[in-house]
Amino acid sequence: MGQIFRGGTLVLCDAAHQILEDYDLLVEEGRIAALKPSGRLEADGHEVVDVAGKGVVPGFVQAHVHLVQALFRGMADDLALLDWLRTRIWPLERAHDEESAYWSARVGLTEMLLAGTTAILDMATVRHTDAVFRAAEEVGLHAFIGNAMMDRDN
(Lines give C-alpha, C1' and ligand atoms only; values in the text may rest on other atoms or scores of the structure.)
Protein backbone atom coordinates (compact mmCIF):
# COMPACT_ATOMS: atom_id res chain seq x y z
CA MET A 1 0.00 0.00 0.00
CA GLY A 2 0.94 3.65 -0.10
CA GLN A 3 1.24 6.54 2.27
CA ILE A 4 -1.12 9.40 2.95
CA PHE A 5 0.53 12.59 4.13
CA ARG A 6 -2.36 14.19 5.96
CA GLY A 7 -3.12 17.87 6.59
CA GLY A 8 0.04 19.52 5.28
CA THR A 9 0.70 22.64 3.26
CA LEU A 10 1.56 21.40 -0.23
CA VAL A 11 3.91 23.44 -2.40
CA LEU A 12 3.27 22.52 -6.02
CA CYS A 13 5.63 22.94 -8.96
CA ASP A 14 2.95 23.92 -11.43
CA ALA A 15 2.65 27.00 -13.64
CA ALA A 16 0.45 28.74 -11.06
CA HIS A 17 2.89 28.07 -8.18
CA GLN A 18 0.00 26.83 -6.05
CA ILE A 19 0.21 26.40 -2.31
CA LEU A 20 -2.56 24.17 -0.96
CA GLU A 21 -3.17 24.48 2.77
CA ASP A 22 -4.56 21.63 4.89
CA TYR A 23 -4.31 19.04 2.12
CA ASP A 24 -3.65 15.30 1.92
CA LEU A 25 -1.23 13.74 -0.51
CA LEU A 26 -1.37 10.05 -1.46
CA VAL A 27 1.82 8.35 -2.64
CA GLU A 28 1.57 4.89 -4.22
CA GLU A 29 4.53 2.98 -5.64
CA GLY A 30 6.76 6.04 -5.32
CA ARG A 31 4.42 8.33 -7.27
CA ILE A 32 1.87 10.94 -6.28
CA ALA A 33 -1.52 9.33 -6.82
CA ALA A 34 -3.91 11.96 -5.41
CA LEU A 35 -4.19 15.40 -3.79
CA LYS A 36 -7.36 16.22 -1.84
CA PRO A 37 -8.46 18.52 0.95
CA SER A 38 -7.57 17.03 4.33
CA GLY A 39 -9.75 14.12 5.43
CA ARG A 40 -11.10 13.33 1.96
CA LEU A 41 -8.70 10.48 1.23
CA GLU A 42 -9.69 7.16 2.77
CA ALA A 43 -6.93 5.31 4.61
CA ASP A 44 -7.85 1.97 2.91
CA GLY A 45 -4.80 0.25 4.40
CA HIS A 46 -2.42 3.10 3.55
CA GLU A 47 -0.02 4.31 6.21
CA VAL A 48 -1.19 7.74 7.39
CA VAL A 49 1.51 10.28 8.27
CA ASP A 50 0.38 13.43 10.12
CA VAL A 51 2.06 16.43 8.51
CA ALA A 52 -0.30 19.09 9.88
CA GLY A 53 1.56 22.35 10.34
CA LYS A 54 4.35 21.24 8.02
CA GLY A 55 5.25 22.08 4.44
CA VAL A 56 5.35 19.29 1.88
CA VAL A 57 7.61 20.18 -1.05
CA PRO A 58 8.62 18.35 -4.22
CA GLY A 59 11.94 16.54 -4.31
CA PHE A 60 14.93 18.72 -5.06
CA VAL A 61 17.10 18.22 -8.15
CA GLN A 62 20.89 18.60 -7.79
CA ALA A 63 22.09 19.34 -11.31
CA HIS A 64 25.84 19.47 -10.62
CA VAL A 65 27.48 17.16 -8.12
CA HIS A 66 30.78 15.29 -7.82
CA LEU A 67 29.96 12.36 -5.53
CA VAL A 68 33.54 11.11 -5.44
CA GLN A 69 34.56 14.41 -3.84
CA ALA A 70 32.25 14.07 -0.81
CA LEU A 71 35.08 12.65 1.31
CA PHE A 72 37.26 15.66 0.44
CA ARG A 73 34.84 18.30 1.68
CA GLY A 74 36.50 21.20 3.50
CA MET A 75 40.02 20.42 2.27
CA ALA A 76 41.92 23.54 1.21
CA ASP A 77 38.79 25.65 0.70
CA ASP A 78 40.98 28.75 0.87
CA LEU A 79 42.61 28.01 -2.50
CA ALA A 80 41.58 29.47 -5.84
CA LEU A 81 39.59 27.03 -7.98
CA LEU A 82 42.36 25.83 -10.32
CA ASP A 83 44.92 25.59 -7.51
CA TRP A 84 42.39 23.65 -5.43
CA LEU A 85 41.71 21.26 -8.30
CA ARG A 86 45.37 20.77 -9.29
CA THR A 87 46.89 20.44 -5.81
CA ARG A 88 44.09 18.75 -3.88
CA ILE A 89 41.06 17.39 -5.72
CA TRP A 90 42.57 15.80 -8.81
CA PRO A 91 45.35 14.03 -6.85
CA LEU A 92 42.82 12.80 -4.29
CA GLU A 93 40.45 11.57 -7.01
CA ARG A 94 43.37 9.83 -8.72
CA ALA A 95 44.11 8.05 -5.42
CA HIS A 96 40.57 6.64 -5.10
CA ASP A 97 40.23 2.91 -5.34
CA GLU A 98 36.93 1.11 -6.05
CA GLU A 99 35.92 0.99 -2.38
CA SER A 100 36.76 4.60 -1.48
CA ALA A 101 34.94 5.87 -4.60
CA TYR A 102 31.90 3.81 -3.60
CA TRP A 103 31.86 5.10 0.00
CA SER A 104 32.40 8.68 -1.07
CA ALA A 105 29.41 8.35 -3.40
CA ARG A 106 27.32 6.75 -0.61
CA VAL A 107 28.14 9.63 1.76
CA GLY A 108 27.13 12.24 -0.82
CA LEU A 109 23.97 10.38 -1.82
CA THR A 110 22.89 9.88 1.79
CA GLU A 111 23.36 13.56 2.58
CA MET A 112 21.30 14.55 -0.46
CA LEU A 113 18.49 12.11 0.34
CA LEU A 114 18.29 13.43 3.90
CA ALA A 115 18.01 16.97 2.51
CA GLY A 116 15.14 16.07 0.14
CA THR A 117 17.08 15.60 -3.10
CA THR A 118 15.43 13.03 -5.36
CA ALA A 119 17.39 13.41 -8.62
CA ILE A 120 21.01 14.22 -9.47
CA LEU A 121 23.41 14.83 -12.33
CA ASP A 122 26.86 13.56 -11.34
CA MET A 123 30.14 13.96 -13.21
CA ALA A 124 31.56 10.78 -11.63
CA THR A 125 35.29 10.34 -12.06
CA VAL A 126 37.92 9.15 -14.51
CA ARG A 127 38.26 5.75 -12.79
CA HIS A 128 35.85 3.59 -10.76
CA THR A 129 32.67 5.06 -12.23
CA ASP A 130 31.00 1.66 -11.79
CA ALA A 131 31.31 2.14 -8.01
CA VAL A 132 29.36 5.39 -8.28
CA PHE A 133 26.71 3.66 -10.43
CA ARG A 134 26.40 0.91 -7.82
CA ALA A 135 26.04 3.34 -4.91
CA ALA A 136 23.35 5.35 -6.74
CA GLU A 137 21.42 2.21 -7.68
CA GLU A 138 21.46 1.00 -4.07
CA VAL A 139 20.05 4.22 -2.60
CA GLY A 140 17.37 4.44 -5.28
CA LEU A 141 17.29 8.08 -6.27
CA HIS A 142 17.09 9.21 -9.89
CA ALA A 143 20.66 9.59 -11.12
CA PHE A 144 22.19 10.69 -14.38
CA ILE A 145 25.87 9.82 -14.15
CA GLY A 146 28.60 10.29 -16.70
CA ASN A 147 32.15 9.06 -16.90
CA ALA A 148 34.60 11.97 -16.53
CA MET A 149 37.20 12.18 -19.25
CA MET A 150 40.58 13.91 -19.01
CA ASP A 151 43.28 13.68 -21.65
CA ARG A 152 45.84 16.06 -20.09
CA ASP A 153 47.03 16.70 -16.55
CA ASN A 154 45.56 20.22 -16.53
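Ser104 has 0% relative accessibility and is therefore counted as buried, the cut-off for that class being under 20%. The model is a predicted one. Ser104 sits in helix H2, which spans residues 98-114. Leaving aside residues up to four places away in sequence, Ser104 touches Leu67, Val68, Gln69, Ala70, Leu71 and His96.

H2 also packs against helix H3, residues 129-139. Two packed helices are described by the angle between their axes and by the distance between those axes. For H2 and H3 the angle is about 35 degrees and the axes are 8 Å apart. The crossing of this pair is right-handed. On the H2 side the contact is made by Glu98, Ala101, Tyr102, Ala105, Arg106, Leu109 and Leu113. H3 contributes Asp130, Ala131, Val132, Arg134, Ala135, Ala136, Glu138 and Val139.

The largest pocket holds about 450 Å³ of space. It is lined by 17 residues, and those closest to its centre are Gly30, Ile32, Val57, Pro58 and Gly59. Strands E1 (3-11), E2 (19-28) and E3 (31-37) are the elements that each give two or more residues to this lining.

Technical notes: Residues numbered from 1 in each chain as written. Predicted model: local features only at pLDDT ≥ 70, side-chain atom pairs only at ≥ 80, totals over all residues. Heavy atoms only, no water. Helix = DSSP H or I, 4+ residues; strand = E, 2+ residues; numbered from the N terminus. Buried < 20%, exposed > 50% of the residue type's maximum accessible area, 1.4 Å probe, protein only. Contact = heavy atoms within 4.5 Å. 1 Å grid on protein atoms, 1.4 Å probe; cavity = no way out; pocket = protein on both sides within 12 Å on 5 of 7 lines; lining within 4 Å. Points joined across faces, edges and corners; volume = space filled by probe spheres on them. Axes fitted to C-alpha atoms, helices over the stretch in contact; angles between N-to-C directions. Left-handed = near helix turned anticlockwise from the far one by under 90°.
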